[in-house]
Amino acid sequence: MAGQLVEEVVGRLEEDGYATIPGAIDRDQVAWARSELEALVASTPEGRDDFEGHRTRRVYGLFGKTRSLDDLAVHPVVLGVLDRVLGHYQLSAPTGISIGPGETAQALHPDDAIYPLPRPHAELVVNVMWPLQDFTSVNGATRIVPGSHRWTVERPSPDTETITVELAAGTALIYTGSVWHGGGANDSDGNRLGVVLHYAVSWLRPVENHVLVVPPAAASGLSERLQELLGYNIHPPFIGYVDGRHPRKLIDEVDAQVRV
C-alpha cells in the first residue's frame, strides 16, 4: 500500500510539481507538534523583510528545540518519495511558520533558487509542508503554480494563475524545490501555523547548519535515520567526513562515554 502511494505521489510531482498525502499523521501527532510550536512561536520575533513576512513568525533550529517533529522528518511515505526523487539527501531548512492576521501574500519563488544552477536541472530540493491546523484560502494556505517546475527562463507575472492548496491538519503537502509557490495572505483573525521540512541532495550545503543546532551529544538519543538527515552521514564516496572519518563516529564516542 505504501509503495503504491509513493508511486502516486512521485507521479503527481512529475506532472504538477506538488502532491498531497491526506491523513499522513494522526490527531495526537498534530496536537503535540502544535502545542510545542505555539510555545516556540510565542517567543519568536516577527519577520525582518517582505519575504519572511512582517506579520509572520519563523522558528528556526527546530530539531534542537523540540522532539515533536522527529517522526514527521522520517515519515515512511515521505522518505520513499525522497528516495525516488532526490536519491541521497538530508534536511536543509526546516522551519516553523506562523502567518499572522493581516499578512500579505508572499512573492512567488522556487526554493532551489538559492543554488546558482541553470534550469532545467535534476531536482535538488523537495519540501514537505505539515499543517498543524487547517490551511484555507482565507488564512494563508500555500499558493502554487502547477507545472512551473518545468520552467526554464519563465517568471510569474501578475496574471499568472495559481492554485491555493487547502489542507486539513495532518495532511502533508509535498512540492519540488523547482516549483513556483508562496504563502498566501492571511485575511482571518487567527494565525496559520505549520512546519515546512526542506530536504536537499546531500552533496549540497544545507541552508541550516544542523550539526551546530544538534551537536553530537544532543543527536545521540535520536534514531539513526534522523541523525543521518541532520548531517551525520556521508554522501558517497566521502563528502562530509570529519577528520577523515564518518561523522557518526562522533556520536559513537558520546555513547561510549555515557556507558563508562
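**Salt bridges, burial, cores and a sheet**

Tutor: Arg225 and Glu228 are about one helical turn apart, because they are three residues apart in helix α7. The model is predicted.

Student: Why is the contact between Arg225 and Glu228 called a salt bridge?

Tutor: The N to O distance between the two side chains is 3.0 Å. The cut-off is within 4 Å, between a side-chain nitrogen of Lys or Arg and a carboxyl oxygen of Asp or Glu, so the pair qualifies.

Student: Is Glu228 buried or exposed, and how do you know?

Tutor: Its relative accessible area is 15%. Buried means under 20%, so Glu228 is buried. Arg225 has 28%, and that value falls between 20% and 50%, so Arg225 is partly exposed.

Student: What makes Glu228 and Arg248 a salt bridge?

Tutor: Their closest N and O atoms are 2.9 Å apart, within the 4 Å limit, so this pair counts too. The pair links distant parts of the chain, with Glu228 in helix α7 and Arg248 in helix α8, 20 residues apart. Salt bridges with shared partners join Glu224, Arg225, Glu228 and Arg248 into one network.

Student: How many salt bridges does a search of the whole structure find?

Tutor: The search finds 10. One of them joins Arg57 and Glu46, with the closest N and O atoms 3.8 Å apart.

Student: What does the pair of Arg57 and Glu46 tie together?

Tutor: Arg57 lies in strand β2 (residues 56-59) and Glu46 in the loop between α2 (27-42) and β2, so the pair ties together parts that are 11 residues apart in sequence. Arg57, at 28% relative accessible area, is partly exposed, and so is Glu46, at 39%.

Student: What makes Leu117, Trp203 and Ile239 a patch?

Tutor: They form a nonpolar patch on the surface, with about 280 Å² of accessible area together. Patch residues need over 30% relative accessible area; Ile239 has 40%, so this residue passes that limit. Ile239 lies in the loop between α7 (224-229) and α8 (248-259).

Student: Which residues have the most contacts inside the largest nonpolar core?

Tutor: They are Phe63, Leu91, Trp130, Leu197 and Tyr199, in a core of 51 residues. Strand β10 (residues 192-201) gives the most to this core, with six residues. Leaving aside neighbours within four places in sequence, the contacts of Phe63 include Leu69, Leu91, Leu197, Val214 and Leu230. Another core, of 13 residues, lies apart from the largest one, and Met129, Leu167, Leu173 and Tyr175 are among its members.

Student: Why are β7 and β9 said to stand at the edges of their sheet?

Tutor: The sheet is open, with three strands in the order β7-β6-β9 and antiparallel pairing. β7 (163-164) and β9 (181-182) each have a single partner strand, so one side of each is left without a neighbour in the sheet.

Student: How do you know that β6 and β7 pair?

Tutor: Two bridges join β6 (residues 143-144) to β7, and pairing needs at least two, so the strands pair. They run antiparallel. Across this pairing, Arg143 has Thr164 in β7 as its bridge partner.

Methods:
Residues numbered from 1 in each chain as written. Predicted model: local features only at pLDDT ≥ 70, side-chain atom pairs only at ≥ 80, totals over all residues. Heavy atoms only, no water. Patch = residues over 30% accessible without salt bridge, like charges linked within 9 Å, V, L, I, M, F, W, Y side chains within 5 Å. Areas by Shrake-Rupley, 256 points an atom, 1.4 Å probe, with all protein chains shown as cover. Helix = DSSP H or I, 4+ residues; strand = E, 2+ residues; numbered from the N terminus. Buried < 20%, exposed > 50% of the residue type's maximum accessible area, 1.4 Å probe, protein only. Core = buried A, V, L, I, M, F, W, Y, C linked by side-chain atoms within 4.5 Å. Contact = heavy atoms within 4.5 Å.
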